[in-house]
Amino acid sequence: MYSGGQGVYLHHITRELAALGNDVHVIAGPPYPELAEGVMLHKVKTYSIYRLLETARVFFHGRDPLSFFQPLNFYELATSRFGMFSVMAAFSFRAYGKLNELAAAGEHFEMIHDVQGLGYGVWLIRANGLPVVANIHHPLQVDRANSIRQARTLSAKVQWIRFYPFWMQEIVARHIDRVITGSENSALSVAREFRLPREHISVVYDGVDTETFRPLEARREPGSILFVGNSDDRNKGAKYLLEALALLKDRGDWHLTVVDRPTAWTVPTLSRELGIADRVTLTGRLEVDELVRRYNTTEVFVSPSLYEGFGLPAAEAMACGAPVVATTAGAFPEVIESGTSGLLVPPRDAPALADAIERLLDDFVLRRKLGRAARQRIADHFSWREAAVRTLAVYQDVISRRRVARSGSR
């Protein structure tokens with residue numbers, strides 16, 4: 001759950017699918033997920049240079065030195081060393097191998113659900129006759145475009161062009177049974193970027209655990225602003241948040257707290273350049289209880305994303321009754337009713353973001369009104385149990401269509 005939105009999605013959707021009486025297995029690479037009771041975990045390794053840099057000497061523990069020269073492992077290590085994001089392709093082939101191992105051991109699966117990977121190994125799984133659906137929270141083409149747009153030098157632009165796989169996800173998405181995405185906006189983006197027919201895509205909104213993410217009896221700290229997410233991900237718009245706060249440098253007291261890993265570099269680097277480093281704190285990753293407390297003690301939660309397939313941190317903050325400022329990008333207008341359960345501003349617009357933040361900091365009555373409406377909005381419309389029920393309906397539709405197709409061919 002601590003490795004971003006996909007990890008949160010995996011944890012909750014598998015928990016709810018199991019609670020509904022399904023036999024659920026997860027194939028995952030590191031960092032390995034903590035799963036709900038009854039969900040089986042099957043681990044595969046990674047040989048990515050990014051994992052090596054993150055774990056240092058631990059990376060080599062228990063590995064046969066010769067394993068680094070096996071074709072798939074060497075491919076992943078070499079390509080990632082030269083700045084390519086080959087993790088998804090390599091994982092998909094390992095998942096394909098693990099499925100074959102499980103089948104040889106007598107396991108039988110009715111449905112394969114790929115969470116945002118769409119590597120070529122998923123295509124092989126489908127070619128072997130298993131029905132496959134896949135999440136696309138947002139197309140990687142959006143990530144690439146935003147990263148290139150924000151790169152400051154030509155070499156940085158080339159680096160981002162090289163980093164993202166060009167056609168893999170698009171090719172694989174066309175050869176699976178169904179794509180699941182978290183909003184109507186995301187469905188339209190996926191259909192456009194991957195050139196898929198709209199009927200190939202099912203919309204299932206993500207959920208929020210409203211028993212965990214809930215209002216507490218806690219005082220909101222005056223002038224406190226909160227951002228939660230991968231601030232180095234160009235899609236998340238941390239750059240524009242910091243630029244907005246630099247415009248409020250001479251305004252009364254405010255302080256930004258960024259919940260992100262301690263190795264994040266965008267926030268400390270840019271906040272120093274903008275002269276606001278003394279008013280910005282990077283917490284590192286937080287346990288869920290502490291994150292809930294932060295949502296409950298901040299006066300303003302800000303999600304300045306350039307694109308969101310759903311926007312889990314903003315939805316979690318809303319469930320805790322926090323007043324939210326977000327953008328009109330991606331799915332936010334489907335989750336947040338602007339002026340009723342939050343404030344929405346155009347993406348990449350630091351002055352508009354600054355105005356909305358200042359408006360909330362100055363208006364206690366508006367903060368309280370938006371926070372209460374936000375909690376109600378999430379409780380009424382976005383639950384993980386509902387997401388699981390709708391996901392099961394997609395599975396059942398795919399399976400029934402395959403049966404009809406098989407009987408027709410016979």
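Colleague: Which helix gives the most to the lining of the second largest pocket?

Modeller: Keep in mind that this is a predicted model. Helix α16, residues 364–381, gives the most to that lining, with 6 residues.

Colleague: And how many residues line the second largest pocket, and which lie nearest its centre?

Modeller: The lining has 16 residues, and Ala218, Arg220, Asn296, Gly321 and Arg368 lie nearest the centre. By class, that lining divides into 7 charged, 6 nonpolar and 3 polar residues.

Colleague: What about the space in the second largest pocket?

Modeller: About 380 Å³.

Colleague: OK, cavities now. How many of 30 Å³ or more are there?

Modeller: The count is 1, and the largest cavity holds about 30 Å³ of space.

Colleague: Which residues line the largest cavity?

Modeller: Tyr240, Pro304, Thr327, Pro346, Pro347, Arg348, Asp349, Ala350 and Leu353. That makes 6 nonpolar, 2 charged and 1 polar in the lining.

Colleague: Switching to helices: at what angle do α3 and α4 cross?

Modeller: Roughly 165 degrees, with the axes of α3 (residues 71–81) and α4 (residues 87–104) coming within 9 Å. Angles over 145 degrees count as roughly antiparallel, so that is how α3 and α4 run relative to each other.

Colleague: Is the crossing left-handed or right-handed?

Modeller: Left-handed, as α3 passes α4. On the α3 side the contact is made by Leu72, Asn73, Tyr75 and Glu76, and on the α4 side by Val87, Ala89, Ala90, Phe93 and Arg94.

Colleague: How do the residues of that contact divide by class?

Modeller: There are 6 nonpolar, 1 polar and 2 charged residues in the contact of α3 with α4.

Methods
Residues numbered from 1 in each chain as written. Predicted model: local features only at pLDDT ≥ 70, side-chain atom pairs only at ≥ 80, totals over all residues. Heavy atoms only, no water. 1 Å grid on protein atoms, 1.4 Å probe; cavity = no way out; pocket = protein on both sides within 12 Å on 5 of 7 lines; lining within 4 Å. Points joined across faces, edges and corners; volume = space filled by probe spheres on them. Nonpolar A, V, L, I, M, F, W, Y, C, P; charged D, E, K, R; others polar. Axes fitted to C-alpha atoms, helices over the stretch in contact; angles between N-to-C directions. Helix = DSSP H or I, 4+ residues; strand = E, 2+ residues; numbered from the N terminus. Parallel < 35°, antiparallel > 145°, perpendicular 65-115°, else oblique. Left-handed = near helix turned anticlockwise from the far one by under 90°. Contact = heavy atoms within 4.5 Å.
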